[in-house]
Amino acid sequence: MGRNDVLISGAGIAGPALAYWLRAAGFRVTVVERAPGPRPGGQTVDLRGAGREVISRMGLMDRARAVAVEQRGLALVDARDRVTAEMPTAAFGGEGIVSEIEILRGDLARLLYDATSPTTDAAPAAPGTEYLFDDTLTGLVQDDDGVTATFEKAGRRRFGIVVGADGPHSTVRALAFGPESDFVRPLNCCTAWFTAHEEWDLGGWFRMFNAPGGLVASARPGRLPGEIKAGLSFRAEPFPYDRHDIDAQRALIAGRFEGAGWEVPRLVAAMHTSDDFHFDSLGQVRLDSWSRGRAVLLGDAGYSPSPLTGMGTSLALVGAYVLAGELSTPGAGHLDALRNYDRIMRPYVARAQQLPPGGTSGYAPNGALAIRLRAASMRSMNRWPMRQVLAAQFAKAGDIDLPAYPHLTAGAGTPS
């Protein structure tokens, strides 16, 4: 491929996963991340389908299971906390709405970081990954030989390839492809995620409450005692807001959920003191091509399916594996490698971005009747014909024939 030094923007899940495979193939890898270190906490993400297979090929499955969150499944509840419908974790072979292996985003990111950082015992014997925390890209200039990258804090550097693995608000995409508005399709829903420290017996269930007006409140067990992973979502047409004004976002949520019922007052109070509050509008990222010259997008930066699909982690892990495999294929130039990455991933991404039945309306129904119909629909999910519809939806996570890449996988990690 020519220069074998790769810059990855983003140290979440996709970035360190790509670094793992590239460093095993002998690349020099630098990861730049705006946060001061690996981000802790966060909500649970699914290890399902082909994403689970990638973790297994990395030799990290036992470690992932060791930090998985124990959950019995999803339960819809009414204002009195009575269960109106439920789907156990074992449904659909452990690949249902709540999958067999659910892991906190921060725990998975840390696991991948530990597997790539040269300062940890978990990292395999291969060229190390350099992490530049508390920094971000400010410019990219491409030429025939590589890319000159400028940073907010670090000095100017040269790389053969620059990868944007920095989420739906990607800096690399903005610098190399264009403005976010050209590529993000809004789903007319906003969500706040945060951790609540409450003595609240959820019975091991991910409890979800719907209120008229397209309001959704949820609480699920965390990994640690007294830790609740909470969410507050509402339907809304796109509107401007300051992504960095956390106080304004909290006030917006509190106003939207005033009088909503159930345990919402408790969740709103916890939201105001949470140290990992995150608010964003839901959308899907769609591009006709995921590369421009020597810049390429990975995971949510290039093809976010939105949290409604439960497919974001699988796409990040599978995309990292395929991109690394193509970039490290002997004799492949970077243009051919990036084209092959697009060709292999495109059908998988297209299926993953298909929303579940009902889409946003199914997740956040507007009226009382629609809420009752949603519960009735979930109660019928294990019966024909709904079971067939849902089985096809959940099967998408494994709907790709993962290439073998023997040049990449041979000795690529320390089995767990």
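**Close-up views of a predicted model**

**View 1. The end of helix α2.** Just after α2, Gly-59 adopts a positive phi of about 75°. Helix α2 itself covers residues 49-57; helices here are DSSP runs (H or I, at least four residues) and strands are DSSP runs too (E, at least two), numbered from the N terminus. Within α2, the buried residues include Ala-50, Gly-51, Arg-52, Val-54 and Ile-55. Buried means under 20% relative accessible area, exposed over 50%, and partly exposed in between (1.4 Å probe, protein chains only).

A word on the ground rules: this is a predicted model, where local features need pLDDT of at least 70, side-chain atom pairs count only at pLDDT 80 or more, and totals for chains, interfaces and linings use all residues. Residues are numbered from 1 along each chain as its sequence is written, and side-chain values use heavy atoms, with hydrogens and water left out.

**View 2. An open sheet of three strands.** Follow the order β9-β10-β11, with antiparallel pairing; two strands pair if DSSP finds at least two bridges between them. β9 (137-142) and β11 (157-159) stand at the edges with a single partner strand each, so one side of each has no neighbour in the sheet. From one strand to the next, the twist averages 25°, taken between axes that are lines fitted to C-alpha atoms (for helices over the stretch in contact), with angles from 0 to 180 degrees between N-to-C directions. Look for the five bridges that join β9 to the antiparallel strand β10 (residues 147-151).

View 3. Glu-100 and Arg-65 meet through their side chains in a salt bridge (3.5 Å, N to O). Glu-100 sits in the loop between β6 (83-88) and β7 (101-104), and Arg-65 in helix α3 (residues 61-66), 35 residues apart. A salt bridge is a side-chain nitrogen of Lys or Arg within 4 Å of a carboxyl oxygen of Asp or Glu. Arg-52 joins Arg-65 and Glu-100 in a network of salt bridges.

**View 4. Asp-78 with Arg-82.** The closest N and O atoms of this salt bridge are 2.8 Å apart. Asp-78 is buried, at 18% relative accessible area, whereas Arg-82 is partly exposed at 46%.

View 5. The side chains of Asp-336 and Arg-339 form a salt bridge (2.6 Å, N to O). Both residues belong to α10 (residues 334-352) and lie three residues apart, about one turn of the helix.
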